[in-house]
Amino acid sequence: MSAVPRFEKPGRAAKPSGRFRRMLDRLASSQEDLESEELQEDTHASGCTRISECTDRQIVKVTGTLRTVTLRPRAGVPALEAELFDGTAPLDVVWLGRRSIVGIEPGRKLIASGRVAMSHGRRVLFNPKYELRPLGKE
């Protein structure tokens with residue numbers, strides 16, 4: 001063996017290469033980081049757009065986990081608001097005229113599609129088409 005340090009090949013990511021090294025990195029990661037990584041993998045596997053890549057007025061299909069669900073009136077009309085998180089960024093999902101929707105609850109995974117709007121610097125989907133993910137997959 002020589003004492004000359006090995007350099008990484010150009011174009012390769014600086015991620016750990018060995019199985020043992022990856023296991024150590026997973027043990028050192030926080031639970032939030034692990035969940036975020038899992039959500040990003042799920043987004044990629046389902047062919048959806050990452051929320052961080054969504055721009056104003058773009059029609060998108062996104063997936064993630066609902067963090068919060070609240071009833072907040074808008075201009076005197078009931079509105080069910082939920083925060084969807086895919087591991088990259090949050091997205092507010094708003095159903096106008098609804099007080100509740102069966103299955104829409106914190107911790108539930110779903111796929112939503114519609115046109116993204118920017119409101120007060122946050123991404124929002126109003127009245128999206130949505131598909132609840134099966135509970136057994138969570």
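How many aromatic pairs does the structure hold? A few notes on that and its surroundings follow.

1. A word on the model first: it is predicted, with local features needing pLDDT of at least 70 and side-chain atom pairs counting only at pLDDT 80 or more, while totals for chains, interfaces and linings use all residues. Residues are numbered from 1 along each chain as its sequence is written, and side-chain values use heavy atoms, leaving out hydrogens and water.

2. The structure holds one aromatic pair (ring centres within 6.5 Å, counting the six-membered ring of Trp; planes under 30 degrees apart are stacked, over 60 edge-to-face, the rest tilted). The ring centres of W95 and Y130 lie 5.4 Å apart with planes at 75 degrees, so this pair is edge-to-face. W95 sits in strand β3 and Y130 in strand β6 (residues 129-132), 35 residues apart; strands are DSSP runs of E, at least two residues, numbered from the N terminus.

3. Are the two partners buried or exposed? W95 is buried at 4% relative accessible area, whereas Y130 is partly exposed at 34% (buried is under 20%, exposed over 50%, partly exposed in between, with a 1.4 Å probe and protein chains only).

4. Beyond its neighbours within four places in sequence, W95 is in contact (heavy atoms within 4.5 Å) with several residues, including P78, I101, I104 and Y130.

5. R74 is in the loop between β1 and β2 and is partly exposed, at 31%. Among the residues R74 touches, not counting those up to four places away, are E81, L96 and F126. The C-alpha atoms of R74 and L96 are 8.0 Å apart.

Key:
Helix = DSSP H or I, 4+ residues; strand = E, 2+ residues; numbered from the N terminus.
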